[in-house]
Amino acid sequence: MKIAVCVKQVPEGTSLKLDPGTKRLDRSGEGALNHFDANAVEEALRLKESAGDAEVVVVSVGPAGAADALRKALAMGADRALLVSDDAVAGSDLVATSRVLAAALEREGADLVLFGQQASDSDGAVLWAAVADRLRRPLVSQAAELSVADGSLRAKRQTEFGYDVIQAALPAIVAVSDAINEPRYPSLKGIMGAKKKPQETLTLGDLGVDVGQVGEAGSKTEVYEFSLPPSRGDSRKIEDDGKAAEQIVEFLAEKRLV
Amino acid sequence: MATTAKPTELDPRDFLAIDALLDDEEKAIRDTVRRFVRERVVPNVGEWFERGEVPRELTQELAGLGLFGMHLEGYGLPGASSVAYGLTCMELEAGDSGVRSLVSVQGSLAMFAIWRWGSEEQKQRWLPAMHEGEAIGCFGLTEPDAGSDPGSMRTTARRDGADWILNGTKMWITNGSIADLAVVWARTEDGKINGFIVEKGMPGFSAPEMKHKLSLRASVTSELVLKDVRVPEENRFPEISSLRGPLSCLNEARYGIVWGAEGAARACFESALEYAKERIVFGKPIAGYQLTQQKLAEMALEINRGTLVALHLGRKKDDGTLLPEQVSMGKMGNVRGAIEVCRTARTILGGNGITLEYPVIRHMNNLESVLTYEGTHEVHTLVVGEALTGENAFR
Ligand SMILES: Cc1cc2nc3c(=O)[nH]c(=O)nc-3n(C[C@H](O)[C@H](O)[C@H](O)COP(=O)(O)OP(=O)(O)OC[C@H]3O[C@@H](n4cnc5c(N)ncnc54)[C@H](O)[C@@H]3O)c2cc1C
């Protein structure tokens with residue numbers, strides 16, 4: 001079995017900065033592996049461990065620096081990494097990004113493609129749907145449990161009121177919920193071995209994707225303007241001395257919210 | 001020389017941008033240990049300290065990360081660089097000196113002793129198991145009446161046929177009561193110092209825990225009591241029969257302390273900085289007062305300076321050019337500096353500074369042990385003094 005896991009490099013830390021010139025996220029600082037994707041990598045590794053003979057390949061579309069995020073997934077135990085990096089891809093929205101990613105996944109021909117539930121920088125939570133549509137593959141999102149047997153997968157899909165149990169034939173695409181597992185810590189040997197694992201970088205040309213179909217040209221959305229949310233000036237901090245609950249209720253009543 | 005490189009933004013947690021001196025692998029290892037400490041140690045260590053316990057699972061988790069004997073090579077060990085090992089010590093000690101001590105003793109004292117001085121059979125038998133955390137080791141050198149002067153030890157090993165009979169008492173032994181094997185240094189009849197692997201369960205050997213410590217409470221400290229313990233010759237280290245044996249191990253562990261101390265100091269500094277920005281006294285945050293700023297500036301200075309020293313020694317160790325006297329200077333300066341940082345942080349936290357709700361008094365108390373073990377501050381001062389003057393002032 002071959003499992004592909006799509007991962008993204010996101011800016012490290014909690015405070016994101018937007019670049020007023022390009023109207024894009026400022027990605028110049030340190031990057032990190034999107035933590036939702038760590039759940040997908042973990043799930044792939046668990047499936048591999050129970051299947052015995054599976055290959056886990058991590059795939060990313062992003063700037064050259066995204067190789068770091070891929071290396072973190074390799075350190076956790078993934079076997080191989082594929083990065084699609086091309087200056088023309090910058091500024092792609094999810095429609096354009098899904099085109100590149102789908103092309104890369106087509107090339108890999110994995111039995112199972114895993115995604116994290118969302119990227120912690122853009123919070124779209126929809127790229128996997130676009131990719132599934134392009135590849136014409138069944139899709140399960142918000143998977144809180146996943147198993148694979150006899151050419152099909154079985155997933156528990158978390159819903160507001162309980163779980164849907166879904167079965168789908170492979171090849172298929174699954175976006176896992178962050179409740180599905182607790183990602184492992186990469187071991188020291190994993191970290192030290194990561195750089196020796198196969199890591200391939202491809203351009204759009206390698207994938208046969210036309211430059212005009214990606215970047216701003218290939219995107220359906222356009223950012224006109226952005227502004228920061230107003231600061232929460234009237235926020236109040238309540239230290240719990242046993243009466244916090246009462247104070248919160250009082251506050252909500254004051255605002256006529258209860 | 002002028003350059004056109006754009007200066008990066010100032011990071012209060014890494015004022016001199018020392019991070020830029022580390023390679024990707026070093027950072028990856030550091031980040032993993034840091035995350036582990038943040039998630040698994042920091043939320044619980046106050047309670048461990050209060051109860052005077054270390055949970056057994058912690059040992060397994062540390063082994064799972066692959067940290068035991070991480071800087072040693074062969075026998076399935078990772079063979080990480082000295083700098084990576086130092087960074088690991090720093091992150092572990094930012095959690096607690098006791099946790100770092102557990103890893104130091106296992107890797108730098110017990111495993112290193114076997115790795116450096118043991119027989120091939122001893123290495124095969126113990127090193128992989130110790131790396132996996134299946135066997136925990138301790139290192140018995142200090143005795144009730146022999147600390148700074150280990151040459152005056154009284155523990156003896158007497159030859160009896162193919163075996164040795166060990167008698168004596170070791171004291172202050174980290175990991176003693178949880179250990180599956182103890183590296184014990186003893187004097188043989190010819191007056192020489194030999195190392196033995198004493199195994200848990202050997203008749204006449206016990207390791208009662210020492211209680212009532214007010215420092216390094218999240219660490220097991222024990223006595224080793226040896227009453228006519230019969231140890232086979234194959235458990236003796238064949239490669240060494242002098243004080244150089246134990247001293248070489250201590251030099252390894254001390255190197256980790258040079259880094260570790262900066263971790264404890266950094267944890268206290270960060271706690272104090274955050275507190276100073278939030279604590280309002282006389283109508284404004286105490287961070288806005290000159291006296292507090294002086295404290296914070298001095299703390300940051302000390303930590304940055306100490307971390308640079310640690311990194312420099314680490315690079316020298318990786319080059320193979322590090323001298324024991326240089327490690328002595330590092331331990332001397334960094335532990336003293338760190339203890340000062342922790343005490344200053346304590347004052348910034350006011351009354352809150354004396355509770356286990358905040359990390360500072362725990363670190364501050366822990367560093368009292370760190371100041372004393374692996375060669376006291378005074379002993380390292382004398383080592384540096386002798387190296388400078390050529391005069392031995394020990395006796
Ligand atoms: C928590 C903890 C864990 C430890 N773990 C271990 C372990 O795992 N294994 C192990 O073998 N040991 C361990 N030790 C022991 C430690 O290494 C010794 O405590 C240390 O070497 C000092 O010895 P001592 O306590 O006997 O002090 P002493 O040697 O009695 O020293 C007392 C004081 O005299 C000073 N002094 C000594 N000689 C001179 C001199 N020539 N001139 C001036 N001043 C001098 C010392 O600096 C010190 O201030 C541990 C200690 C502690 C506290």
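This is a predicted model: local features need pLDDT of at least 70, side-chain atom pairs count only at pLDDT 80 or more; totals for chains, interfaces and linings use all residues.
Which domains does the domain assignment of chain B give?

1. Chain B is assigned domain 1 (18-131), domain 2 (137-235) and domain 3 (244-389); such bounds come from an automatic or database domain assignment. Residues are numbered from 1 along each chain as its sequence is written, while chains are lettered from A and ligands numbered from 1 in the order in which they are written.

2. Now look at where the two chains meet. Chain A gives nine residues to the contact and chain B gives 13, two residues being in contact if their C-beta atoms, placed from the backbone, lie within 7 Å. On the chain A side, helix α5 (residues 188-194) supplies the largest share, four residues. Helices (H or I, at least four residues) and strands (E, at least two) are DSSP runs, numbered from the N terminus.

3. Next, find strand β12 (residues 172-176) of chain A. Five of its five residues are buried, so the strand is largely enclosed by the rest of the structure. Buried here means that 20 or more other C-beta atoms, placed from the backbone, lie within 10 Å of the residue's own. Ala172(A), Val174(A) and Val176(A) point one way, and Ile173(A) and Ala175(A) the other.

4. Finally, the neighbours of β12(A). Strand β8 (residues 112-115) of chain A pairs with β12(A) in the parallel sense over four bridges, where pairing needs at least two DSSP bridges. Phe115(A) has Ala175(A) as its bridge partner. Strand β9 (residues 139-149) of chain A also pairs with β12(A) in the parallel sense, over three bridges, and Leu139(A) stands opposite Ile173(A).

Key: A residue is buried if 20 or more other C-beta atoms lie within 10 Å of its own, exposed if 12 or fewer, and partly exposed in between; C-beta atoms are placed from the backbone.
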